[in-house]
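Dear colleague,

I am handing over the structure below, and after it I set out what was found in it. Please read the notes with the model open beside you.

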Amino acid sequence: GAAPARVAAKTLLCTSLTASTVEGVLAEAQEALAAGADLVELRIDYLASLSPEQDLPRLLHGCPLPAIVTYRPDWEA
């Protein structure tokens, strides 16, 4: 019998954004886009202060790439 058709896998490039301010994270996101990243990880545990109700919508709507949001507790560092 014939071998099953293979679907070419596409590798996506993801980079972590670790700035300490929302503005810094959004600037890093623009840099990641310009450098060819396909998606980003928003490491919100690196933010100096976090107001989830305000900051998450700003980050998610302002980010030019698909994003994974990560918040690691101190004990995981």
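Arginine 58 is partly exposed, its relative accessible area being 39%. Please keep in mind throughout that this is a predicted model, and that every value here is computed from it.

I begin with the charged pairs. The count of salt bridges comes to three. In one of them arginine 58 pairs with glutamate 23, and the closest N and O atoms of the two are 2.6 Å apart. Because arginine 58 belongs to helix α2 (residues 52-62) and glutamate 23 to helix α1 (residues 22-35), this pair ties together parts that are 35 residues apart in sequence. Arginine 58 also meets aspartate 55 in a salt bridge, with an N to O distance of 4.0 Å; these two residues both lie in helix α2, three residues apart, which is about one turn of the helix. Aspartate 55 is buried, with a relative accessible area of 9%. Through shared partners, the salt bridges join Glu23, Asp55 and Arg58 into one network.

Another salt bridge is formed by aspartate 45 and arginine 43, whose closest N and O atoms are 2.5 Å apart; the side chains of this pair are also joined by a polar contact of 2.5 Å. Arginine 43 is buried at 11% relative accessible area, whereas aspartate 45 is partly exposed at 24%. Aspartate 45 sits in the loop between β2 and α2, and, when its neighbours within four places in sequence are left aside, it is in contact with Thr70, Tyr71 and Arg72. Between aspartate 45 and alanine 19 the separation is 26 residues in sequence and 9.7 Å in space, taken from C-alpha to C-alpha.

Turning to the cysteines, why does the structure hold zero disulfides? The sulfur of cysteine 14 has its closest cysteine sulfur in cysteine 63, at 10.0 Å, which is too far for a bond, given that a disulfide requires the two sulfur atoms to be within 2.5 Å. Seen from the other end, cysteine 63 likewise has its closest cysteine sulfur in cysteine 14, at 10.0 Å.

The last topic is helix α1. This helix has 14 residues and reaches 20 Å from its first C-alpha to its last, close to the 20 Å expected at 1.5 Å a residue. Within α1, the residues Val22, Val25, Ala29 and Ala32 are buried. Viewed down the axis of α1, its buried residues fall within an arc of 70 degrees, so they line one face of the helix. The cover over the buried residues of α1 includes β1 (14-17), β2 (39-43) and α2. On the other side of α1, by contrast, Glu31, Ala34 and Ala35 are exposed. Just after the end of α1, glycine 36 takes a positive phi of about 100 degrees.

Terms used
Residues are numbered from 1 along each chain as its sequence is written. This is a predicted model: local features need pLDDT of at least 70, side-chain atom pairs count only at pLDDT 80 or more; totals for chains, interfaces and linings use all residues. Side-chain values use heavy atoms; hydrogens and water are left out. A salt bridge is a side-chain nitrogen of Lys or Arg within 4 Å of a carboxyl oxygen of Asp or Glu. Helices (H or I, at least four residues) and strands (E, at least two) are DSSP runs, numbered from the N terminus. Buried means under 20% relative accessible area, exposed over 50%, partly exposed in between (1.4 Å probe, protein chains only). The expected span of a helix is 1.5 Å times one less than its number of residues. The arc is that of the directions from the helix axis to the C-beta atoms. Contact means heavy atoms within 4.5 Å. A polar contact is a pair of N or O atoms within 3.5 Å; within protein, one must be able to donate a hydrogen and the other to accept it, and residues adjacent in sequence count only if both atoms are side-chain atoms.
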